[in-house]
Amino acid sequence: MSSASRNISTIMRVALGILFLAHGIAKFQMGLGNVAGWFASIGVPGFLGYVVAVIELVGGIALILGLLTRYVSGLLVIVLIGAIFTAKLTGGLMGNGQGAGYELDIAFILVALHLVFAPTTRLSLDSLFGRRESTEK
């Protein structure tokens, strides 16, 4: 992997982490009970609101630090696919004026998928704790 590719992967990881951290913080700020209630209102079990909030918050921090990047990114892909099919699909790709579309979710999925399969970068905790052959040279 070239130096430019490594740098881009690091930027993508940190940026995605910041975005998910912000979404997780927002869910905690609005109250997890409210989040669970909204989940229930769209036909999703309410307890998943708590699960998603924690995944977004902790997952965002983990991505920023580069810790368990592949696993966290894979988990976020699942969360994003769930969001598309449960909350955003009916609004269409760009939204319908009453709710958000799923265009950004697709972009986030692509970034997260890249992180699942990309080599570990030096500027991550994964590179400190992982196997040497999984990090780039």
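Visitor: Which residues form the nonpolar patch on the surface?
Guide: In this predicted model, the nonpolar patch on the surface is formed by I61, L65, L67, L68, Y71, L128 and F129, which together have about 770 Å² of accessible area.

Visitor: And which elements give two or more residues to the patch?
Guide: Those elements are helix 3 and helix 6.

Visitor: Take I61, then: where is it, and why does it count as partly exposed?
Guide: I61 lies in helix 3, and it counts as partly exposed because its relative accessibility is 39%, a value that falls between the 20% limit for buried and the 50% limit for exposed.

Visitor: Switching to helix 4, which of its residues are buried?
Guide: Helix 4 covers residues 69-88, and its buried residues are T69, V72, S73, L76, V77, V79, L80 and I84.

Visitor: Which residues does D105 touch?
Guide: Leaving aside residues up to four places away in sequence, D105 touches L80, A83, I84 and K88; of these, L80 and I84 are among the buried residues of helix 4.

Visitor: What joins the side chains of D105 and K88?
Guide: The side chains of D105 and K88 are joined by a polar contact of 2.9 Å.

Terms used:
Residues numbered from 1 in each chain as written. Predicted model: local features only at pLDDT ≥ 70, side-chain atom pairs only at ≥ 80, totals over all residues. Heavy atoms only, no water. Buried < 20%, exposed > 50% of the residue type's maximum accessible area, 1.4 Å probe, protein only. Helix = DSSP H or I, 4+ residues; strand = E, 2+ residues; numbered from the N terminus. Polar contact = N/O pair within 3.5 Å; in protein donor to acceptor, adjacent residues only side chain to side chain. Contact = heavy atoms within 4.5 Å. Patch = residues over 30% accessible without salt bridge, like charges linked within 9 Å, V, L, I, M, F, W, Y side chains within 5 Å. Areas by Shrake-Rupley, 256 points an atom, 1.4 Å probe, with all protein chains shown as cover. Salt bridge = Lys/Arg side-chain N within 4 Å of Asp/Glu carboxyl O.
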